[in-house]
Amino acid sequence: MPTLLIVHHTPSPNCQSLFEAVLSGATAPEIEGVRVVRRAALEATASDVLAADGYVLGTPANLGYMSGALKHFFDQVYYPCLDTTVGRPFGYYVHGGNDVTGAVRAIESVTTGLGWRRAAEAVKVTGEPGKAGTEACWELGATLAARLMD
């Protein structure tokens with residue numbers, strides 16, 4: 001059974017609502033035959049990444065960069081997963097108070113280095129997530145999970 005791994009850092013209610021929307025989309029009744037695994041960024045391991053067929057990443061934008069937790073995740077998994085996970089689909093969401101540019105650039109840089117293939121538009125939310133932000137995250141989760149359905 002294909003596996004979608006959601007790696008997230010959810011230190012705030014805004015990030016939590018986006019994460020829950022991604023999870024809801026990935027586990028929608030229409031999605032069949034896909035196992036969804038969720039891991040906090042500080043708990044996710046290279047084994048989790050190697051065992052998954054696709055990924056959704058979630059982070060706040062902290063001081064113009066991805067969270068330290070997501071950076072730590074990438075530091076831990078980069079070399080152990082470098083050759084094995086090339087071409088796997090991924091998507092991501094970023095939440096910030098007013099700007100997410102640096103966090104987006106950092107995620108794009110690392111995932112390009114890993115050779116992952118972005119399978120959905122990035123969800124970039126500033127301020128209160130609102131209906132548009134949560135719907136976009138629901139679509140992100142559903143899209144990545146649906147791409148893994150066989």
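1. A residue counts as buried when its relative accessible area is under 20%. In this predicted model, F73 has a relative accessibility of 1% and therefore falls in the buried class. F74 is likewise buried, its relative accessible area being 2%.

2. The structure contains 5 aromatic pairs. One of them joins F73 and F74, whose ring centres lie 5.3 Å apart and whose planes stand at 50 degrees, so this pair is tilted. Another, between F90 and Y92, is stacked, with 6.2 Å from centre to centre and 10 degrees between the planes. Both F90 and Y92 are buried, and these two residues belong, together with Y55 and W116, to one aromatic cluster.

3. Turning to the helices, helix 3 covers residues 68-81 and helix 4 covers residues 101-114, and their axes come within 12 Å of each other while crossing at roughly 15 degrees. Since angles under 35 degrees count as roughly parallel, helix 3 and helix 4 are therefore roughly parallel to each other. The crossing of helix 3 and helix 4 is left-handed.

4. As for the residues that make this contact, helix 3 contributes L70, F74 and Y78, which meet I107, V110, T111, G113 and L114 of helix 4. Sorted by class, the contact of helix 3 with helix 4 comprises 6 nonpolar and 2 polar residues, and no charged ones.

Terms used
Residues are numbered from 1 along each chain as its sequence is written. This is a predicted model: local features need pLDDT of at least 70, side-chain atom pairs count only at pLDDT 80 or more; totals for chains, interfaces and linings use all residues. Side-chain values use heavy atoms; hydrogens and water are left out. Rings of Phe, Tyr and Trp (its six-membered ring) pair if their centres lie within 6.5 Å; planes under 30 degrees apart count as stacked, over 60 as edge-to-face and the rest as tilted. Buried means under 20% relative accessible area, exposed over 50%, partly exposed in between (1.4 Å probe, protein chains only). Axes are lines fitted to C-alpha atoms, for helices over the stretch in contact, and angles run from 0 to 180 degrees between N-to-C directions. Helices (H or I, at least four residues) and strands (E, at least two) are DSSP runs, numbered from the N terminus. Angles under 35 degrees count as roughly parallel, over 145 as roughly antiparallel, 65 to 115 as roughly perpendicular and the rest as oblique. A crossing is left-handed if the near helix is turned anticlockwise from the far one by less than a right angle, and right-handed if clockwise. Contact means heavy atoms within 4.5 Å. Ala, Val, Leu, Ile, Met, Phe, Trp, Tyr, Cys and Pro count as nonpolar, Asp, Glu, Lys and Arg as charged, and the others, Gly among them, as polar.
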